[in-house]
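Colleague: Could you walk me through reading a structure like this one, feature by feature? I would like the general idea first and then the case at hand.

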Amino acid sequence: RIFIQGLDRFGILSEIITTLTNELNVNIRTLHVTSHDGIFEGTIDLYIHDSKNLYELITKIKKIKGIERIRREEILDPSQEKIG
């Protein structure tokens, strides 16, 4: 899972998804994004091959205009996750 936060602008979510799927060939498992007062934040659960791919992904996402924070978050037990 990665956590992303940044300035909300038209098309930013599309750029993130395009970077993940088209450039990095990553499968998105879940996506949750909220926006308030011009700031968005969200989490994306991904299927990643290894840590090298994860750090490449983080580096590319950081380059998107408006991204302020991105970090890896560990999912210890997916069955304990709340949905909704």
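Modeller: Gladly, and let's begin with Arg-9, which is partly exposed at a relative accessible area of 25%. Buried means under 20% relative accessible area, exposed means over 50%, and partly exposed is in between, with a 1.4 Å probe and protein chains only. Before we go on, note that this is a predicted model: local features need pLDDT of at least 70, side-chain atom pairs count only at pLDDT 80 or more, and totals for chains, interfaces and linings use all residues. Residues are numbered from 1 along each chain as its sequence is written, and side-chain values use heavy atoms, with hydrogens and water left out.

Colleague: Which residue forms a salt bridge with Arg-9?

Modeller: A salt bridge is a side-chain nitrogen of Lys or Arg within 4 Å of a carboxyl oxygen of Asp or Glu. Here the partner of Arg-9 is Glu-15, with the closest N and O atoms 2.7 Å apart. Glu-15 is partly exposed too, at 33%.

Colleague: How many salt bridges does a search of the whole structure find?

Modeller: The search finds 6. One of them joins Asp-45 to Arg-1, whose closest N and O atoms are 2.6 Å apart. Asp-45 lies in strand β3 (residues 39–47) and Arg-1 in the segment before β1 (2–7), so this pair ties together parts that are 44 residues apart in sequence. Helices (H or I, at least four residues) and strands (E, at least two) are DSSP runs, numbered from the N terminus. Asp-45 is buried, with a relative accessible area of 3%, whereas Arg-1 is partly exposed at 24%. A network of salt bridges links Arg-1, Arg-29 and Asp-45. Arg-71 and Glu-73 also form a salt bridge, their closest N and O atoms being 3.1 Å apart.

Colleague: Now helices: which residues of α2 are buried?

Modeller: Start with the span, where the expected value is 1.5 Å times one less than the number of residues. Helix α2 (residues 51–62) has 12 residues and reaches 16 Å from its first C-alpha to its last, close to the 16 Å expected. Its buried residues are Leu-54, Leu-57, Ile-58 and Ile-61. Seen down the axis of α2, they fall within an arc of 100°, so they line one face of the helix. That arc is taken from the directions from the helix axis to the C-beta atoms. These buried residues pack against β1, α1 (12–23), β3 and β4 (67–72), where contact means heavy atoms within 4.5 Å.

Colleague: And on the surface, which residues form a nonpolar patch?

Modeller: Patches are made of residues with over 30% relative accessible area and no salt bridge; like charges are joined within 9 Å, and nonpolar side chains (Val, Leu, Ile, Met, Phe, Trp, Tyr) within 5 Å. Leu-13, Leu-31 and Val-33 form one, with about 210 Å² of accessible area together. Such areas come from the Shrake-Rupley method with a 1.4 Å probe, and for residues only the protein chains shown count as cover. Val-33 lies in strand β2 (residues 27–36) and is partly exposed at 38%.

Colleague: What about the backbone: where is Asn-25, in which loop?

Modeller: Most residues other than glycine have a negative phi. Asn-25, in the loop between α1 and β2, has a positive phi of about 55° although it is not a glycine. Asn-25 is exposed at 60%. Asp-37 also has a positive phi of about 55°; Asp-37 is found in the loop between β2 and β3 and is exposed at 69%.
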